[in-house]
Amino acid sequence: MKCPVCRALYRPASATAEAAQSCRRCGVNLSPLIQLHDRAVWHHRQAIQAFRAGDYATAIASNNQAIALWSNADFHAFAGQLWALQGEFPQAIAAWKAAQQIDSQQAIAHTALQYLTE
Ligand SMILES: [Zn+2]
């Protein structure tokens with residue numbers, strides 16, 4: 001996660017809880033952002049659980065909630081996999097491209113798009 005103010009890479013400090021919630025470089029309070037991120041990760045994990053249980057509709061809904069909270073390459077890549085499993089390739093390709101826009105090295109999206117263009 002990067003600080004939205006100064007773009008410094010945020011790392012959870014081992015110091016006090018309060019220090020761990022602030023950017024080390026510019027000191028901005030990042031706790032609302034961290035809460036948002038944690039909620040997004042929670043939804044993404046729910047999506048993975050639903051996916052493992054074979055419930056793709058719930059998996060897509062939960063993963064979309066994660067994406068609505070936090071734009072993360074892994075979330076978009078997982079959305080691509082879910083769409084592809086349902087045969088919805090236009091949506092899958094759009095999701096993988098969104099993943100690559102955030103992180104051009106996102107492995108799942110990179111591999112999937114490579115297969116599709118070969
Ligand atoms: Zn900062």
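**A nonpolar core and a zinc site**

The largest nonpolar core brings together nine residues: Ala-73, Ala-77, Ala-84, Ala-92, Trp-96, Ala-99, Ala-109, Ala-112 and Leu-113. Such a core is a set of buried Ala, Val, Leu, Ile, Met, Phe, Trp, Tyr and Cys residues joined through side-chain atoms within 4.5 Å, where buried means under 20% relative accessible area, exposed over 50% and partly exposed in between (1.4 Å probe, protein chains only). Two or more of its residues come from each of helix H4 (73–85), helix H5 (89–102) and helix H6 (107–117); helices are DSSP runs of H or I with at least four residues, numbered from the N terminus. The model is predicted, with local features needing pLDDT of at least 70 and side-chain atom pairs pLDDT 80 or more, while totals for chains, interfaces and linings use all residues. Residues are numbered from 1 along each chain as its sequence is written, and side-chain values use heavy atoms, without hydrogens and water.

Turning to the metal, the zinc ion is coordinated by the SG atoms of Cys-3, Cys-6, Cys-23 and Cys-26 at 2.3 to 2.4 Å (donors are N, O and S atoms within 2.8 Å of the metal, or 3.2 Å for Na, K and Ca; water is not among the atoms, so sites may look incomplete). The arrangement is tetrahedral because the angles between the four donor atoms run from 102 to 117 degrees, and the cut-off asks for all angles between 85 and 135 degrees. Cys-3 lies before helix H1 (17–20) and Cys-23 in the loop between H1 and helix H2 (31–52), so this pair ties together parts 20 residues apart in sequence. Cys-23 is buried at 7% relative accessibility, whereas Cys-26 is partly exposed at 36%.

How values were computed:
Four donors count as tetrahedral if all angles lie between 85 and 135 degrees; four count as square planar and six as octahedral if opposite donors are over 155 degrees apart and all others between 65 and 115; anything else is irregular.
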